[in-house]
Amino acid sequence: MSARRIALLAALAALLARPAAALPQLDLDVRLDPTTRAFAATARLADDRPLAGFALAPGFEITALTVDGRPARVEATTRDGRRWLRLPAGAQRAEIAYRATLAPLRTLDHRQVLQARAPTADADGSFLPAASGWYPDPGGLFSYRVALALPAGQKGLTPGELVAERDDADGYRAEFRFPQPADGIDLMAGPYVVGERALTLAEGRTIRLRTWFHRELAELAAGYLDDSARYVERYDRLIGDYPFALFSVVSSPTPTGFGMPSLTYLGRDVLRLPFIRATSLGHEVLHNWWGNGVYPDWARGNWSEGLTTFLADYAYKEDEGEAAALDMRLGWLRDLAAVTPENDGALRDFTSRRHGISSIVGYNKAAMLFLMLRDEIGLEAFARGLRRFWREHRFRVAGWRELEAAFAHEAGRPLRDFFRQWVERAGAPSVRLAAAERRGEALAVTLAQTGDYALNVPLRLVFADRVETRRVPLAGARETILLPGAGAAQAVELDPDYRLWRRVDAAALPAILRETFVAPRATLQFVDDDPALQAAARSLAARLLESGARRAADAAPRLIVGSAPAVDAWLAARGLPPRPAAASGRGTAQAWAGRDASGTPYAVVSGQDAAALRALERGLPHYGRQSWIVFDGGRAADRGVWPPRVERLDVGGAVPR
Ligand SMILES: [Zn+2]
């Protein structure tokens with residue numbers, strides 16, 4: 001959900017080394033009338049060092065300008081693709097009065113909002129993104145204060161601390177301060193109803209939680225405040241002090257999802273989705289530590305999405321149980337299996353969420369890196385490493401090397417090789433069980449890998465009466481490892497819980513519906529003669545198949561749709577496995593995924609009648625990552641992923657060496 005702002009931090013590490021008091025200070029008095037879209041502001045810019053100038057978007061007209069108390073002229077040039085107004089040499093203070101008529105709100109999807117850099121105003125919601133250049137930007141990091149004036153009925157905010165607020169017939173006045181180093185200012189306003197709660201944190205400090213919602217969302221406010229409190233407390237305990245005095249959830253008239261310091265700005269329709277509170281809200285809360293609290297070193301790789309994914313999205317799966325967590329890890333490895341090795345870049349080259357492949361590396365590989373690191377150094381050292389990293393780098397730029405240093409310090413050993421191979425190196429190993437044989441009291445296991453990674457491979461030893469997991473080191477291309485006291489094991493399984501970032505043969509991963517849904521040559525297979533069922537099948541296939549609803553052809557992934565008895569008969573006639581137990585005798589419709597003897601995926605949808613099939617059109621397309629699902633009408637009643645096929649060798653029954 002998060003669209004991280006691309007900061008221009010490459011040159012800013014040096015600036016950050018300056019104490020906070022030496023940051024340029026920007027003071028803004030802003031008046032905005034969302035109905036007429038009239039915007040007017042006065043900005044005061046001050047720095048201990050000479051001010052070279054400031055950037056301001058061309059749409060803003062400067063009506064008055066003084067430099068060090070005297071009227072002055074500026075020279076307009078271009079810097080980094082932005083309009084740059086150069087101040088006279090030696091300037092230390094500038095006061096700029098400027099104005100504009102902002103653009104009207106358009107109906108935009110999230111991608112368009114990300115690309116649209118113009119500030120927009122509307123009675124239903126105004127958004128002035130930092131990247132739109134709506135304030136005089138001295139470049140680099142700065143501190144700011146914004147005093148905001150809006151007409152009655154409107155409220156608004158920027159990131160930071162709310163230090164004053166008044167709302168009466170004359171309108172809305174609020175003042176926000178951001179004393180930490182900021183790299184931009186986003187401003188939002190709308191016809192908001194504000195919900196508020198105080199939250200006292202473990203360290204005894206009380207902060208405010210707020211919802212700024214459109215009126216029709218008011219009944220969701222209490223739930224959002226509850227969950228925001230839960231997430232802020234969770235991460236405050238896990239990592240260290242929540243860095244701000246306020247956390248807000250703000251509703252947007254467009255379908256956006258942004259995380260900013262001290263707030264998240266989410267589309268009003270997005271806020272209604274149940275999974276937002278369960279997952280995305282926590283992810284955005286956590287960005288107050290990772291991303292907006294410690295700034296990623298953009299030039300050397302963005303670690304913040306991976307760490308946020310690991311401690312939010314993935315952690316919530318662990319809370320649910322090991323089965324849910326395993327599903328997520330399998331999902332990551334499945335995505336990796338679909339990336340060709342030449343497209344599989346290094347983590348240090350991931351700088352933002354640009355496209356699908358970079359997100360597989362930037363989010364999933366990085367999240368798995370933190371899981372492997374925690375497995376490697378243990379829970380305690382990992383938790384202390386997180387806290388140390390936060391303590392040492394809050395409101396500073398930090399990269400993978402600083403993360404490595406914090407964890408290595410707490411683990412009491414160097415982690416250079418670990419970070420080098422997972423961060424700096426592109427690609428992933430594939431690992432194989434080559435042999436397992438008894439040698440007296442011990443078990444000799446031979447492992448092989450492509451790519452000479454230093455791995456700690458989890459092996460599950462299956463005994464007659466128990467199982468036992470051991471981790472064994474593997475560094476070479478092929479090594480035989482002696483496991484003392486394991487001679488009685490009957491079988492060995494390689495990384496059965498999928499805790500290593502590795503290339504897995506896609507055929508070993510459980511079949512899921514999506515394999516057929518997205519297959520370029522996927523076709524529709526009717527199993528009924530009844531025209532009503534065929535019409536329902538065609539209509540459903542049009543929703544499910546990216547290839548469109550072509551009729552069945554040989555050797556192509558098939559979507560098999562029809563009435564339950566006809567589906568069962570069709571599968572039996574072709575020698576395909578029968579309806580699985582999970583999808584038997586339950587609900588009004590069922591779907592499941594499989595692969596035939598040649599490995600070609602297929603998906604089956606069966607319903608009690610044409611209406612039951614039509615009821616799936618809205619919901620089923622969203623469940624492509626499931627192996628099976630049962631629907632009651634349009635509601636998903638139960639679902640799951642088949643267990644993965646674990647690589648297993650019987651002891652003694654070894655592959656010839
Ligand atoms: Zn994120």
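This is a predicted model: local features need pLDDT of at least 70, side-chain atom pairs count only at pLDDT 80 or more; totals for chains, interfaces and linings use all residues.
Me: Why is T309 called buried?

Reply: Buried means under 20% relative accessible area, exposed means over 50%, and partly exposed is in between (1.4 Å probe, protein chains only). T309 has 6%, so this residue is buried.

Me: Which residues does T309 touch?

Reply: Leaving out residues up to four places away in sequence, T309 touches H283, Y314, A315, W332, Y363 and A367 (contact means heavy atoms within 4.5 Å).

Me: How do you know whether E410 is buried or exposed?

Reply: E410 has a relative accessible area of 15%, so E410 counts as buried. This residue sits in helix 9, residues 400-411. Its side chain makes a polar contact of 2.8 Å with the side chain of R384. Apart from residues up to four places away in sequence, E410 touches A381, R384, G385 and R388.

Me: What about L373 and G259: why does each get its label?

Reply: L373 is at 0% relative accessibility, so L373 is buried. Its place is in helix 7, and its contacts, not counting residues up to four places away in sequence, are G378, F382, F407, L415, F418 and F419. G259 is at 9%, so G259 is buried as well; this glycine lies in strand 20, residues 257-260.

Me: What makes R277 and D227 a salt bridge?

Reply: A salt bridge is a side-chain nitrogen of Lys or Arg within 4 Å of a carboxyl oxygen of Asp or Glu. For R277 and D227 the N to O distance is 2.5 Å, so the pair passes. The two belong to distant parts of the chain, with R277 in helix 4 (residues 274-286) and D227 in helix 3 (residues 221-238), 50 residues apart. At 29% R277 is partly exposed, while D227, at 10%, is buried. Side chains of opposite charge can pair when their charged atoms come close.

Me: How many salt bridges does the structure hold, and why does D297 with R300 belong among them?

Reply: The structure holds 52 salt bridges. D297 is buried at 12%, whereas R300 is partly exposed at 42%.

Me: How do you know that R471 and D375 form a salt bridge?

Reply: Their side chains meet at 3.1 Å, N to O, which is within 4 Å, so the pair counts. R471 is partly exposed at 35%, and D375 is partly exposed at 23%.

Me: What joins domain 2 and domain 3 in terms of charged and polar pairs?

Reply: Domain 2 covers 295-424 and domain 3 covers 430-504 (the bounds come from an automatic or database domain assignment). Their centres, taken over C-alpha atoms, are separated by 25 Å. The contact takes 23 residues from domain 2 and 13 residues from domain 3. Between the two there are 3 salt bridges and 7 residue pairs in polar contact, both residues at pLDDT 80 or more. On the side of domain 2 that touches domain 3, helix 6 (322-337), helix 7 (356-377) and helix 10 (416-424) each supply at least two residues. Helix 7 gives the most, with 9 residues.

Key: Residues are numbered from 1 along each chain as its sequence is written. Side-chain values use heavy atoms; hydrogens and water are left out. Helices (H or I, at least four residues) and strands (E, at least two) are DSSP runs, numbered from the N terminus. A polar contact is a pair of N or O atoms within 3.5 Å; within protein, one must be able to donate a hydrogen and the other to accept it, and residues adjacent in sequence count only if both atoms are side-chain atoms.
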